[in-house]
Amino acid sequence: MELEQAIKTRRSVRRFSARPLEPGILEKIIAAGSHAPSYCDSQGWKFIFIDDSAIKEKIFAAGGSYAIKNAPYGILVLYNTASSDNLEYQDWLQSGAAAIENMLLTMHDLGLGGCWICHLPNQRTLRKIFNIPKVYLPVAYIIFGYPK
């Protein structure tokens, strides 16, 4: 798929089939996120892959989007804020968002659907669920899978 076509045709998908991910797909998605630009080339992202129904239910029960519960797969995107003191422009947040867009476009190119989710439980709750170190802050959650 050409880049311009991917940009113009990608849409948020919230309904997925039960088809499992093909081997190597997750690695391609994560690699695309890892190649995004980041402030001062810090590359401080961390990606947590979620396919466990019990964990998705915990996120939903704690105030997360209903879409998280119903999607076959998810990626929680975190960013290390320890090297940034830029509170005004939150460069860590912009770097995490660039990674998310790369991953969504890659998903689309690979025949998957995805949706950027910011309706999440508070950060303290997410820290407990995933045992997230304090230097990392959640940016967003991507639901994905093969479209229904």
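User: Which residues is Arg10 in contact with, leaving aside its neighbours within four places in sequence?

Analyst: Contact means heavy atoms within 4.5 Å. By that rule, Arg10 is in contact with Leu104, Leu105, His108 and Gly114. This is a predicted model, where local features need pLDDT of at least 70, side-chain atom pairs count only at pLDDT 80 or more, and totals for chains, interfaces and linings use all residues. Residues are numbered from 1 along each chain as its sequence is written, and side-chain values use heavy atoms, with hydrogens and water left out.

User: Where is Arg10 found?

Analyst: Helices (H or I, at least four residues) and strands (E, at least two) are DSSP runs, numbered from the N terminus. Arg10 is in the loop between helix H1 (3-9) and helix H2 (25-34).

User: Is Arg10 buried or exposed?

Analyst: Buried means under 20% relative accessible area, exposed over 50%, and partly exposed in between (1.4 Å probe, protein chains only). Arg10 is buried. A salt bridge needs a side-chain nitrogen of Lys or Arg within 4 Å of a carboxyl oxygen of Asp or Glu. Arg10 has none. For charge, Lys and Arg count as positive, Asp and Glu as negative; His and the chain ends are not counted. The nearest side chain of opposite charge to Arg10 is Glu101, 4.6 Å away.

User: What about Met1: where is its place?

Analyst: Met1 is in the segment before H1. Its relative accessibility is 48%, so Met1 counts as partly exposed. The C-alpha atoms of Met1 and His108 are separated by 9.1 Å, though the two are 107 residues apart along the chain.

User: How many aromatic pairs does the structure hold?

Analyst: A pair of aromatic rings is described by the distance of the centres and the angle of the planes. Rings of Phe, Tyr and Trp (its six-membered ring) pair if their centres lie within 6.5 Å; planes under 30 degrees apart count as stacked, over 60 as edge-to-face, the rest as tilted. The structure holds seven such pairs. In one of them, Tyr39 and Tyr79 have centres 5.8 Å apart and planes at 45 degrees, so the pair is tilted. Tyr39 lies in the loop between H2 and strand S1 (45-50) and Tyr79 in strand S2 (residues 73-80), so the pair ties together parts that are 40 residues apart in sequence. Both tyrosines are buried.

User: How are Trp45 and Phe47 arranged?

Analyst: Trp45 and Phe47 form a stacked pair, 6.4 Å centre to centre with 20 degrees between the planes. Tyr39, Trp45, Phe47 and Tyr79 form one aromatic cluster.
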